[in-house]
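Trainee: I have a model open on my screen and would like to learn how to read it. Can we go through it step by step?

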Amino acid sequence: MIKTVDLTKKYDELYAIQDINLDLQAGDLFGFIGPNGAGKTTTMKILATLLQPSSGEAYVCGHSIYREPKEIRRLVGYMPDFFGVYDDMKVIEYLEFFAAAYRISGAKRREVCNEKLALVDLDFKRDAFASTLSRGQTQRLGLARVLLHEPQVLLLDEPLSGLDPRARIEMRAVLRRLGEQGKTIMVSSHILPELADMCNKVGIIDRGVMGFNGTVADVIKKVRPRVVLHIEVAGDQQAAANKLRENRLVESVDLTPPLLTVTLREGIEEYAELSTLLISAGFPLKLFREEEVNLESAFMLLTKGLGVRT
Ligand SMILES: Nc1ncnc2c1ncn2[C@@H]1O[C@H](COP(=O)(O)OP(=O)(O)OP(=O)(O)O)[C@@H](O)[C@H]1O
């Protein structure tokens, strides 16, 4: 659905993006993560055919951005990071205005607008003035707008930025729903944890260079190749530590009473047998869980040293 080959955009000597390679399929929800100025907007604008790259290729649903931009515009819904709404228009009027621009006419127009408002959970605001909407509601209205022409591909530039926690949860729910409809969605953010639980793939970009492109599980593996468990047992903790050290899955055990920190050997991801082992050896479990990877520090690690700009 989206494919880029060595996509590059230069402004004089500055690489806004350099050799970006993406391959996204139908139903992919791709989190495009990077700090300010990383190149996210540049990439999205090129895919939306609003900006020409300096070199490289990009295809959307098989159409080249150079040769078939009109086809691409029909298939893409692009929501920029900042957009205005017309203050003197009601929500439904705003949508109908754009539906008319897409040449959706007559009874169909009202029907499509109502359907998209419901999809973004904004039907209760249909007769409110756009100027009275909260930031989260305005973002959802913007999303409804880019859905009017039934795009296959959505390019959403920081749709979660500036939203309070509740509005984020609501927006994420809407994005998941759209992903379930089989659309290909690229959504950008500064913050990896914000997108990690929602996206099946993530790309991490910094200063124009994509340092990582894969699944969230791959991110975790990359920053922490070994699974770490936190375990607490009732009874003799030292004996429990020794028991674990004998196990072939275990690389090391650190005991800082009452916590056992158990590092598994590289590549080991299945460890249920360790809980059975402890219980059957007479160590009832008080705690047994995998240490969570701090996605914020994973992000810092993965962007460290990326991209040298000239
Ligand atoms: N028209 C332009 N002329 C010169 N440089 C530009 C232009 N547009 C973007 N850039 C530069 O290209 C780089 C990438 O910018 P881009 O807007 O793609 O980043 P971004 O990841 O979207 O950042 P943000 O999170 O702040 O929106 C930045 O260094 C920016 O200053």
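Mentor: Helices (H or I, at least four residues) and strands (E, at least two) are DSSP runs, numbered from the N terminus. This is a predicted model, where local features need pLDDT of at least 70, side-chain atom pairs count only at pLDDT 80 or more, and totals for chains, interfaces and linings use all residues. Residues are numbered from 1 along each chain as its sequence is written.

Trainee: Which residues of helix α3 are buried?

Mentor: In α3 (residues 91-101), they are V91, Y94, L95 and A99. Their arc, taken from the directions from the helix axis to the C-beta atoms, is only 135°, which puts them on the same side of α3. A100 and A101, on the other side, are exposed.

Trainee: What do the buried residues of α3 pack against?

Mentor: Count two residues as in contact if their C-beta atoms, placed from the backbone, lie within 7 Å. By that rule, the buried residues of α3 pack against α4 (106-119) and α5 (135-147). Just after α3, look at R103, which takes a positive phi of about 60°.

Trainee: Now strands. Which way do the side chains point?

Mentor: In a regular strand the side chains alternate between the two faces of the sheet. Take β8: T184, M186 and S188 point one way, I185, V187 and S189 the other way, and all are buried. With 6 of its 6 residues (184-189) buried, β8 is therefore largely enclosed by the rest of the structure.

Trainee: What else does β3 join?

Mentor: Strand β9 (residues 201-206) runs parallel to β3, joined by 4 bridges, and F32 stands opposite G203 there. As for burial, 5 of the 5 residues of β3 are buried, so β3 is largely enclosed by the rest of the structure.

Note on methods: A residue is buried if 20 or more other C-beta atoms lie within 10 Å of its own, exposed if 12 or fewer, and partly exposed in between; C-beta atoms are placed from the backbone. Two strands pair if DSSP finds at least two bridges between them.
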